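Q: Could you walk me through how to read a few features of this model? I would like the general idea each time, and then the case at hand.

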Amino acid sequence: MRTVPSLVVFALSAVLATGLLGAASEGPPPWAYGFASAATVPATPAAPAVAPAPAVPPTPDPTPRHVPGSTAAFPLAEIRDAFGPADWFPGDHPRMPEIVAHGRRPDVRACSLCHYPNGKGRPENAGVSGLPVSYFIQTMADFKAGLRKSTDARKANTNVMITIAKGMTDEEVKAAAEYFAAMPWTPWIKVTESSTVPKTRIAGGMFLRQEGSDTEPIADRIIETPEDVERTEVLRDPRSGFIAYVPMGSLKKGEALVTSGSGRTTACAVCHGADLKGLGPVPGIAGRSPSYTVRQLYDMQQGTRTGVWAELMKPVVAKLSNDDMLAIAAYTASRKP
């Protein structure tokens with residue numbers, strides 16, 4: 001039986017044998033980074049004639065909020081508290097380490113704020129439950145060392161993650177890694193092929209369905225949106241999942257790329273396992289956010305995500321077009337984790 005390192009070497013050899021011609025850069029796909037359009041050079045704003053008055057902070061809304069299935073009640077301020085966010089379902093996960101539940105002031109926000117106590121995360125960040133401990137630790141080390149950034153410089157939460165990683169101790173990283181690794185990744189995203197999608201607005205890097213029934217062409221995008229906008233965006237409900245609308249035909253194309261490489265890459269199963277659920281220290285990719293997957297493939301191709309595992313992946317992604325990445329992400333997201 002091949003070991004993981006020998007499988008990786010085999011994968012690299014297969015790609016190198018076809019020649020690393022490198023895909024022509026098409027620019028980062030804005031939808032994968034949480035934007036409606038590509039970045040443009042901003043115009044220099046005109047200086048205001050009169051300095052604006054200081055903004056008056058809004059009065060906190062003390063109204064207790066609820067989510068289906070939970071007996072808890074929290075006001076919005078507690079739901080969004082970066083150093084102690086609401087935990088709607090304490091019985092859904094092991095006891096959280098302090099760094100996950102509360103973080104550490106001033107810069108280390110609670111992991112559970114963005115990634116949820118169950119590690120499911122959202123399209124604008126990452127699902128971290130079920131990741132191998134060693135992979136999680138290496139990822140945090142890469143952030144800390146400046147080896148992992150975003151190709152689209154507008155994606156501000158990547159910089160937040162870098163700051164958090166730099167502020168965490170090795171013991172805190174290990175505690176978070178072991179906590180999230182203890183929870184297997186389970187279905188979270190429904191993938192639907194469609195030629196049209198609901199009209200959306202963007203908030204915090206996430207596509208949110210607008211009220212009404214208006215639609216628009218999907219074009220060359222994946223639109224990953226909450227099943228229930230209020231439960232996700234307002235209440236941060238860790239049981240409310242996502243729908244990923246993908247272009248017609250992308251699943252079939254993605255299956256070919258993932259299973260055989262189609263002469264452009266290496267079959268994903270070589271390193272990620274026959275069921276795409278991971279192999280040793282290599283993470284599973286089945287059933288995970290397609291937006292996140294495309295960001296990582298593109299960042300590794302462009303060299304903004306480097307480090308041990310990224311360097312092994314770079315020849316694998318070298319010849320992929322943006323459309324190839326979309327298809328791969330659509331297919332892997334559709335697989336049962």
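Q: Which residue is the bridge partner of Ile-223 in S7?
A: In general, strands of a sheet pair through backbone hydrogen bonds, either parallel or antiparallel. Here Ile-223 has Tyr-245 of S7 as its bridge partner. S6 and S7 (residues 242-246) are antiparallel, with 4 bridges; pairing requires at least two DSSP bridges between two strands. Strands are DSSP runs of E with at least two residues, helices are runs of H or I with at least four, and both are numbered from the N terminus. Before going on, note that this is a predicted model, where local features need pLDDT of at least 70 and side-chain atom pairs pLDDT 80 or more, while totals for chains, interfaces and linings use all residues. Residues are numbered from 1 along each chain as its sequence is written, and side-chain values use heavy atoms, without hydrogens and water.

Q: What is the order of the strands in the open sheet of 3 strands?
A: The order is S1-S7-S6, and the pairing is mixed. S1 (189-193) and S6 (223-226) are the edge strands, each with a single partner, so one side of each has no neighbour in the sheet. From one strand to the next the twist averages 25 degrees. Helix H9 (residues 250-260) packs on this sheet and touches S1 and S7, its direction making about 110 degrees with that of S1. Contact means heavy atoms within 4.5 Å; axes are lines fitted to C-alpha atoms, for helices over the stretch in contact, with angles from 0 to 180 degrees between N-to-C directions.

Q: At what angle do helix H11 and helix H12 pack?
A: H11 (residues 290-302) and H12 (residues 308-317) pack at about 95 degrees, with axes 8 Å apart. They are therefore roughly perpendicular, the word for 65 to 115 degrees (under 35 is roughly parallel, over 145 roughly antiparallel, the rest oblique). Leu-297, Met-300 and Gln-301 of H11 meet Ala-310, Met-313, Lys-314 and Val-317 of H12.

Q: Where should I look for backbone exceptions, such as Arg-236 with its positive phi?
A: Most residues other than glycine have a negative phi, and most peptide bonds are trans. Arg-236 is not a glycine, yet its phi is about 50 degrees; Arg-236 sits in the loop between helix H8 (229-234) and S7. The peptide bond from Arg-105 to Pro-106 is cis, with omega near 10 degrees, and Pro-106 belongs to the loop between helix H3 (98-101) and helix H4 (111-115).

Q: Which residue in the hairpin of S3 and S4 takes a positive phi?
A: That is Gly-204, with phi near 60 degrees, in a hairpin with 2 residues between the strands. S3 (residues 200-203) and S4 (residues 206-209) run antiparallel, joined by 4 bridges, and Thr-200 has Arg-209 as its bridge partner in S4.
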